Amino acid sequence: MVLLTATGIYLWWPRGKKVGTATIKATKGRPWWRDLHAVTGIYSAVFIVFLAMTGLPWSSVWGGYFYDGAYALGLGMPDGYWSNTPQSTVPSAQALDRTPWIMEQQPMPVSGASSGVPAGLDQIVATVEGLGIAPGYALNMPSGETGVFSASVYPDDATQERVLHLDLYTGEVLYDAGLNDLGALGWAAEWGISIHMGQAWGLVNQIVLLLVCVAMVVMSVAAGAMWWKRRPAGAIGTPQYPTDWRIPRTLLLIAIAAGIFFPLVGLTLIVLAVIEGVIYVARPRKAQAS
């Protein structure tokens with residue numbers, strides 16, 4: 001979607017032609033469909049790119065690089081928010097019914113922690129709710145002898161999202177973080193996701209997103225109509241091989257930037273270029289052979 005928007009703006013850019021830019025000028029036929037496509041696209045371009053960019057953190061490849069990079073720079077999700085949760089560490093005297101005096105302040109080893117008495121669920125719930133966590137939170141049970149109780153909530157209001165981890169044995173808070181504790185990129189990603197899902201500003205947010213989706217449908221229909229009206233009779237209208245292979249500088253910069261910023265897009269463009277090159281080289285040989 002980002003690449004389509006960038007190349008669409010390149011095609012839309014006024015070059016002295018009598019076509020629609022800010023308003024639909026044509027009245028019928030393919031020019032009308034072209035103007036509908038272009039004018040709708042230019043007004044919705046920013047919103048389309050926003051939707052694409054705020055959805056990318058969920059993707060496996062780009063999203064993985066984004067979160068790993070943000071974490072490495074100290075601008076993403078801190079340890080404990082999504083991963084690398086703290087482990088339960090408690091002195092033996094608090095975990096065991098009886099322990100030698102000399103070992104009272106020693107942390108519980110993993111192999112012996114099962115002898116301790118975990119904190120009661122009522123105690124954990126009281127602590128979490130006493131800290132003012134938003135309603136609707138989830139409480140995850142400890143995993144293993146060194147696990148922790150984890151309470152988390154991601155409400156429609158992103159400012160109230162929160163993650164807490166509490167010690168398995170004492171019930172003490174080991175970690176407490178909310179939106180403002182995230183790095184700049186993590187904070188932006190969480191806000192972006194909230195807006196992307198239509199949660200941030202309620203009905204207004206959802207109506208704007210609906211209009212953007214309608215705009216994308218309109219552009220898709222207009223593009224199909226343009227192709228149908230432009231294609232040669234009895235053919236599908238695939239682009240012909242160019243006589244001049246030079247690529248406009250602006251278009252080349254768009255392709256390079258997209259290929260770097262979106263690695264799978266770059267890989268796709270390279271594969272398509274190789275396929276086109278092979279077909280182009282093979283065709284003259286077939287003609288000579290025949």
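Modeller: The largest nonpolar core has 15 residues, and those touching the most other members are Trp62, Phe66, Tyr67, Met77, Tyr81, Tyr175 and Leu182. A nonpolar core here is a set of buried Ala, Val, Leu, Ile, Met, Phe, Trp, Tyr and Cys residues joined through side-chain atoms within 4.5 Å. Buried means under 20% relative accessible area, exposed over 50%, and partly exposed in between, with a 1.4 Å probe and protein chains only. Two or more residues each come from helix H3 (61-72), strand S4 (173-178) and helix H6 (184-196). Helices (H or I, at least four residues) and strands (E, at least two) are DSSP runs, numbered from the N terminus. H3 gives the largest share of this core, three residues.

The model is predicted: local features need pLDDT of at least 70, side-chain atom pairs count only at pLDDT 80 or more, and totals for chains, interfaces and linings use all residues. Residues are numbered from 1 along each chain as its sequence is written, and side-chain values use heavy atoms, with hydrogens and water left out.

Now take Leu182. Leaving aside residues up to four places away in sequence, Leu182 touches Gly76, Met77, Pro78, Tyr81, Glu161, Trp187 and Glu190, where contact means heavy atoms within 4.5 Å. Another core, of 13 residues, lies apart from the largest one and includes Val128, Ile133, Tyr137 and Val153.
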